[in-house]
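Trainee: Please take me through this model label by label, setting each value against the rule behind it.

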Amino acid sequence: MTTQIHLNGVVRTVASPVSAPLLYVLRDELKLNGAKFGCGLGQCGACTVLLDDKPVFSCLTPLGAVAGRRVRTIESLGSAAAPGPLQAAFIKHQAAQCGYCIAGMVMRAQALLEQNTAPTEDQIRSHMEPNLCRCGTHMRILAAIREVAAAGSLQQTKKGG
């Protein structure tokens, strides 16, 4: 049995069981390695992707729950050669120390700034709370998000619709 998902603006057919965690489908079947396996319990956020523009933990989201819905991963926002606005700000502020949590952080921040282009400090902190950085670069992460929000430089980077 196959399942179709709208991934980064492209309809993809995958053969994984509908009970398989989306994270495994992304990494193992589709070879998109941006989302990371952290805790496997939805407690760290390293696996965060956007599902219909809302951040979800892909380690807890079964493939069957995303059939016919829009999934976006860090790969949809830019590349090393042409990073998106949030990616560029994270680089500028040296927000990544080990880098393990960063894709999830960027995706959660992307969701916030697409919904609210001028969030308050409290809104940023509250929205980012579910994602953890074990290296302690939270202040740099927040600075990067504030910079993009203040500049209004986040363009709608949604692919597909």
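**Labels and their rules**

Mentor: N8 lies in the loop between β1 (3–7) and β2, where helices (H or I, at least four residues) and strands (E, at least two) are DSSP runs numbered from the N terminus. The model is predicted, so local features need pLDDT of at least 70 and side-chain atom pairs count only at pLDDT 80 or more, while totals for chains, interfaces and linings use all residues. Residues are numbered from 1 along each chain as its sequence is written, and side-chain values use heavy atoms, with hydrogens and water left out.

Trainee: Why does N8 count as buried?

Mentor: Buried means under 20% relative accessible area, exposed means over 50%, and partly exposed is what lies in between, with a 1.4 Å probe and protein chains only. N8 has 14% relative accessibility, so the label is buried.

Trainee: What makes the backbone of N8 worth a remark?

Mentor: Most residues other than glycine have a negative phi. N8 is not a glycine, and yet its phi is positive, at about 50°. Q94, in the loop between α2 and α3, is likewise not a glycine and has a positive phi of about 50°. With a relative accessible area of 55%, however, Q94 is exposed.

Trainee: How do you know that the span of helix α5 agrees with its number of residues?

Mentor: The expected span of a helix is 1.5 Å times one less than its number of residues. For the 14 residues of α5 (residues 138–151) this should give 20 Å, and because the end C-alpha atoms are 20 Å apart, the two agree. Just after this helix, G152 takes a positive phi of about 60°.

Trainee: Which residues of α5 are buried, and what covers them?

Mentor: The buried ones are I141, L142, A143, A144, I145, V148 and A149, and their cover includes α2 (85–92), α3 (102–115) and α4 (121–128).

Trainee: What makes a group of residues a nonpolar core?

Mentor: The members must be buried Ala, Val, Leu, Ile, Met, Phe, Trp, Tyr or Cys residues joined through side-chain atoms within 4.5 Å. The largest core found in this way has 27 residues, and L86, F90, I141 and I145 are those with the most contacts inside it. Helices α2, α3, α4 and α5 each supply at least two residues of this core, and the largest share, nine residues, comes from α3. A second, separate core of 20 residues includes V14, L26, V56 and F57.

Trainee: Which residues does L86 touch?

Mentor: Contact means heavy atoms within 4.5 Å. Not counting residues up to four places away in sequence, L86 touches V106, A109, Q110, L113, I145 and V148.

Trainee: Why is S58 called buried?

Mentor: S58 sits in the loop between β4 (54–57) and β5 (70–72), and because its relative accessibility is 0%, it counts as buried. Its contacts, with residues up to four places away in sequence left out, are P21, L22, L23, A35, C47 and V49.

Trainee: How do you know that the side chains of R69 and D52 meet in a salt bridge?

Mentor: The rule asks for a side-chain nitrogen of Lys or Arg within 4 Å of a carboxyl oxygen of Asp or Glu. By this rule the count comes to seven salt bridges, and R69 with D52, at 2.9 Å from N to O, is one of them. R69 lies in the loop between β4 and β5 and D52 in the loop between β3 and β4, so the pair ties together parts that are 17 residues apart in sequence.

Trainee: Which salt bridges does D53 form?

Mentor: D53 meets R72, with the closest N and O atoms 3.1 Å apart. D53 is in the loop between β3 and β4 and R72 in strand β5, so this pair joins parts 19 residues apart in sequence. Both D53 and R72 are buried. D53 also meets R70, at 3.3 Å from N to O. R70, at 25% relative accessibility, counts as partly exposed. D53, R70, R72 and E114 are linked in a network of salt bridges.
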